[in-house]
Amino acid sequence: MRLRENDDGGEKEEVVENDVTLAQNQWCPVVNAGFSSPKRLVVVGYALTTKKIKSFLQPKLEGLARNKGILFVAIDHNRPLSDQGPFDIVLHKLSGKEWRQVLEDYRQSHPDVTVLDPPDAIQHLRNRQYMLQAVADMNLSDSYGIVGVPRQLVIKREACAIPELVNQAGLTLPLVAKPLVADGSAKSHELSLAYEQFSLQKLEPPLVLQEFVNHGGVLFKVYIVGDAIKVVRRFSLPDVSKWELSKDAGIYNFPRVSCAAASADDADLDPTVAELPPRPLLEKLAKELRWRLGLRLFNLDIIREYGTRDHFYVIDINYFPGYGKMPEYEHIFTDFLLSLGQGKYKKRSG
């Protein structure tokens with residue numbers, strides 16, 4: 001079986017395959033303060049595209065993992081998954097009904113193996129109609145701020161009816177149009193900004209229309225790895241003034257809102273725009289979403305409504321994002337894998 005997947009901003013690519021069988025309870029020497037001591041390996045089987053491998057399994061990560069007793073092993077898709085390993089953790093980002101069934105069968109027959117993450121939970125984030133529902137249901141508001149989602153409308157067909165549907169829903173222009181399916185492909189990251197109602201007929205369903213919220217042209221990417229949280233700034237779409245809204249017409253297309261090259265961490269920004277969301281608010285949000293989504297590897301795109309200090313919106317959620325762009329991701333990710341592996345080994349021993 002050979003599987004393909006559209007990865008972040010990329011074309012369909014073949015996964016890398018490997019033929020490795022491990023001895024049960026494999027041990028390795030780990031150097032500590034000049035002395036070599038035996039330590040049980042945490043074996044991580046991975047099923048990723050070559051593009052994802054290149055961005056995630058960087059030499060620095062693999063080297064640090066080896067020093068900590070973590071071994072990454074490519075899953076061979078020409079052999080039954082149950083015949084490989086044994087694995088402590090299965091790390092994956094592939095799509096397709098066949099692969100989901102393979103993983104689900106493996107989870108049932110190998111309950112001691114941690115699958116990052118359950119395929120059914122991941123599917124929830126691949127449809128923007130439901131992606132933000134968990135955030136909306138939380139209705140999070142405390143002394144540190146308010147977290148919501150933009151008002152949105154799902155359009156599945158008949159572009160000619162969009163203006164009337166928008167009017168009936170009471171949405172306010174401008175509107176951000178996003179593809180309904182969020183599968184990690186380049187197309188799923190494409191956005192359009194519609195300034196006036198009648199140009200909405202030019203859009204191509206199925207899609208989601210979100211009310212555009214002015215946010216100072218900066219968004220916050222909140223990376224979540226287990227219990228760990230890391231926040232970085234990224235440049236985003238610029239604010240839209242009432243004058244621009246009255247003068248501009250039509251639809252403007254954007255291939256992608258944020259990327260590594262658009263880092264705003266070192267930019268000279270207005271402090272009211274650049275200030276990171278309060279840490280306690282993010283920790284509360286992340287903890288609740290981990291439980292509601294059933295995921296441990298994801299990130300949030302968050303914006304602060306311009307002119308406010310504490311009103312935030314989650315506008316997108318991505319599973320297994322580009323962690324290679326996250327500062328210190330090697331340490332954060334290896335600590336996470338190590339805690340999972342060691343925690344399971346202690347349970348087995350106990």
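A: Let us begin with a pair of residues in a helix. Glu 283 and Arg 279 stand 4 residues apart in helix α9 (residues 279–293), so about one helical turn separates them. Please keep in mind throughout that this is a predicted model.

Q: What kind of interaction do the side chains of Glu 283 and Arg 279 meet in?

A: The general idea is that oppositely charged side chains can pair when their charged atoms come close. In this case, Glu 283 and Arg 279 meet in a salt bridge, with 3.4 Å from N to O. Glu 283 is partly exposed, at 39% relative accessibility, and Arg 279 is likewise partly exposed, at 40%.

Q: Where do the buried residues of α9 lie around the axis?

A: One begins by listing them: Leu 281, Leu 282, Leu 285, Ala 286, Leu 289, Arg 290 and Leu 293 are the buried residues of α9. Their arc around the axis is only 160°, which means that they lie on the same side of α9. On the face turned away from that buried side are the exposed residues Lys 287 and Trp 291.

Q: How does the reach of α9 compare with the expected span?

A: From first C-alpha to last, the 15 residues of α9 reach 21 Å, close to the 21 Å expected at 1.5 Å a residue. Just after the helix, Gly 294 adopts a positive phi of about 70°.

Q: Is Glu 211 buried or exposed, and what of Arg 151?

A: A residue counts as buried when its relative accessible area is under 20%. Glu 211, at 16%, is therefore buried, whereas Arg 151, at 42%, is partly exposed. In the other pair, Lys 221 is buried at 11% and Asp 301 is buried at 7%.

Q: In what order do the strands of the open sheet lie?

A: In general, strands of a sheet pair through backbone hydrogen bonds, in a parallel or an antiparallel sense. Here 5 strands form an open sheet in the order β11-β14-β12-β13-β17, with antiparallel pairing. Its edge strands, β11 (152–155) and β17 (251–254), each pair on one side only. Neighbouring strands are turned by 25° against each other on average, direction ignored. Within the sheet, β12 (residues 175–179) and β13 (residues 191–194) pair over 3 bridges, and Leu 175 has Ala 194 of β13 as its bridge partner.

Q: Which helix lies across β11, β12 and β14?

A: Helix α6 (residues 162–169) does so, running at about 150° to β11.

Q: Finally, with which residues is His 215 in contact?

A: His 215 is located in the loop between β14 and β15, and it is buried, at 6% relative accessible area. Leaving aside neighbours within four places in sequence, His 215 is in contact with Ser 236, Leu 237, Asp 239, Val 273, Ile 303, Arg 304 and Tyr 306.

Definitions and conventions: Residues are numbered from 1 along each chain as its sequence is written. This is a predicted model: local features need pLDDT of at least 70, side-chain atom pairs count only at pLDDT 80 or more; totals for chains, interfaces and linings use all residues. Side-chain values use heavy atoms; hydrogens and water are left out. Two strands pair if DSSP finds at least two bridges between them. Helices (H or I, at least four residues) and strands (E, at least two) are DSSP runs, numbered from the N terminus. Axes are lines fitted to C-alpha atoms, for helices over the stretch in contact, and angles run from 0 to 180 degrees between N-to-C directions. Contact means heavy atoms within 4.5 Å. Buried means under 20% relative accessible area, exposed over 50%, partly exposed in between (1.4 Å probe, protein chains only). A salt bridge is a side-chain nitrogen of Lys or Arg within 4 Å of a carboxyl oxygen of Asp or Glu. The expected span of a helix is 1.5 Å times one less than its number of residues. The arc is that of the directions from the helix axis to the C-beta atoms.
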